[in-house]
Amino acid sequence: MIYPLPAVLVTCGTMERSNMLTIAWTGTICTNPPMCYISVRPERYSYPMIKERMEFTINLTTAAMAKATDWAGVRSGADYDKWAETGLTPEPGVKVGCPAIAESPLSIECRVREIVHLGSHDMFVADVVNVLADESLIDPVTGAFDLASAGLLNYSHGRYFEQGEPIGRFGWSVKKK
C-alpha cells in the first residue's frame, strides 16, 4: 500500500492506430541514464502494442484531465476510440512513433529496454529518449520547469487527488539559517 501514486496516461501504437491507458504503477528507476518503468497487465488491449513497438509515452495528468484519465482506465481501446471519447488530443511523438497527449503538462517518450514478467503485471523498463514540456510552465528567467503549478493528478487507494501545496524543498530540513 505505497500511496499516493501518479495517475498517468500512457500512449502507445502509432499515429494511425494508437491507444491510451491509465497507469498508476509507474516511476523513475534511474537518473543516469534516465530510465523509468510502467507495469501493465498482459491482457490489456495496449499490452501487445507496447510489446510490438517497444516504445510508449508517459503523459502526466492534471485535475482538469481527471475525468478523461479515469474513463481511459475503465474502458478498453478494443471497444472505444479513447481519443474521441475523452476529447484529448494526440500529437505526434518526436523521438517515438506513438502520440503524446497535447493537454499533458509533461510527456516522457520512452523506449523499452527490458520486459520483466512479475505475476499479474509485466514491468516495461525503459530508457527516457525525450521529454515534451508545456512551455507555459517554464520560467522565462530561470528556464526551470514549474511542475508544482500544473495541478498534477495523484491516485490513492481508489481515489483521485489534485497534488497539494508544497511544504518544502529537498534539503530544507537541514538548511543553515
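The second largest pocket comes in at about 270 Å³. A pocket here is an open set of points on a 1 Å grid over the protein atoms alone, with protein on both sides within 12 Å along at least five of seven lines, and lining residues have an atom within 4 Å of a point. Grid points are joined across faces, edges and corners, and a volume is the space filled by probe spheres set on the points. This is a predicted model, in which local features need pLDDT of at least 70 and side-chain atom pairs count only at pLDDT 80 or more, while totals for chains, interfaces and linings use all residues. Residues are numbered from 1 along each chain as its sequence is written, and side-chain values use heavy atoms, with hydrogens and water left out.

Fifteen is the size of the lining: of these 15 residues, Gly27, Thr28, Cys36, Ile58 and Ile108 sit nearest the centre of the second largest pocket. Two or more lining residues come from each of β4 (26-30), β5, β6 (55-60), β9 (106-117) and β10 (122-133), with β4 giving the most, four residues. Strands (E, at least two residues) and helices (H or I, at least four) are DSSP runs numbered from the N terminus. By class, this lining holds 12 nonpolar, three polar and no charged residues; Ala, Val, Leu, Ile, Met, Phe, Trp, Tyr, Cys and Pro count as nonpolar, Asp, Glu, Lys and Arg as charged, and the others, Gly among them, as polar.

At least two lining residues each come from β3 (18-23), β5 and α2 (66-74).

Strand β3 itself is largely enclosed by the rest of the structure, because six of its six residues are buried (under 20% relative accessible area with a 1.4 Å probe and protein chains only; over 50% is exposed, and in between is partly exposed). Ser18, Met20 and Thr22 point one way from β3, with Asn19, Leu21 and Ile23 pointing the other way. β3 runs antiparallel to β2 (residues 8-13), and six bridges join the two. Thr22 in β3 stands opposite Leu9. The two strands make up a hairpin, with four residues between β2 and β3.

Over in β5 (residues 35-40) lies Ser39, buried at a relative accessible area of 10%. Leaving out residues up to four places away in sequence, Ser39 touches Ile23, Trp25, His121, Asp122 and Met123, where contact means heavy atoms within 4.5 Å.

Elsewhere, three strands form an open antiparallel sheet in the order β1-β11-β12. Its edge strands, β1 (5-6) and β12 (159-162), each pair on one side only; two strands pair if DSSP finds at least two bridges between them. Four bridges link β11 (residues 153-156) to β12, and Leu153 has Glu162 as its bridge partner in β12.

Then there are the cysteines. A search of the whole structure turns up zero disulfides, a disulfide being a pair of cysteine sulfur atoms within 2.5 Å. For Cys30, the nearest cysteine sulfur is that of Cys36, 11 Å away. For Cys98, that of Cys12 is nearest, 7.0 Å away. Cys30 is partly exposed, with a relative accessible area of 27%, whereas Cys98 is buried at 0%.

Terms used
1 Å grid on protein atoms, 1.4 Å probe; cavity = no way out; pocket = protein on both sides within 12 Å on 5 of 7 lines; lining within 4 Å.
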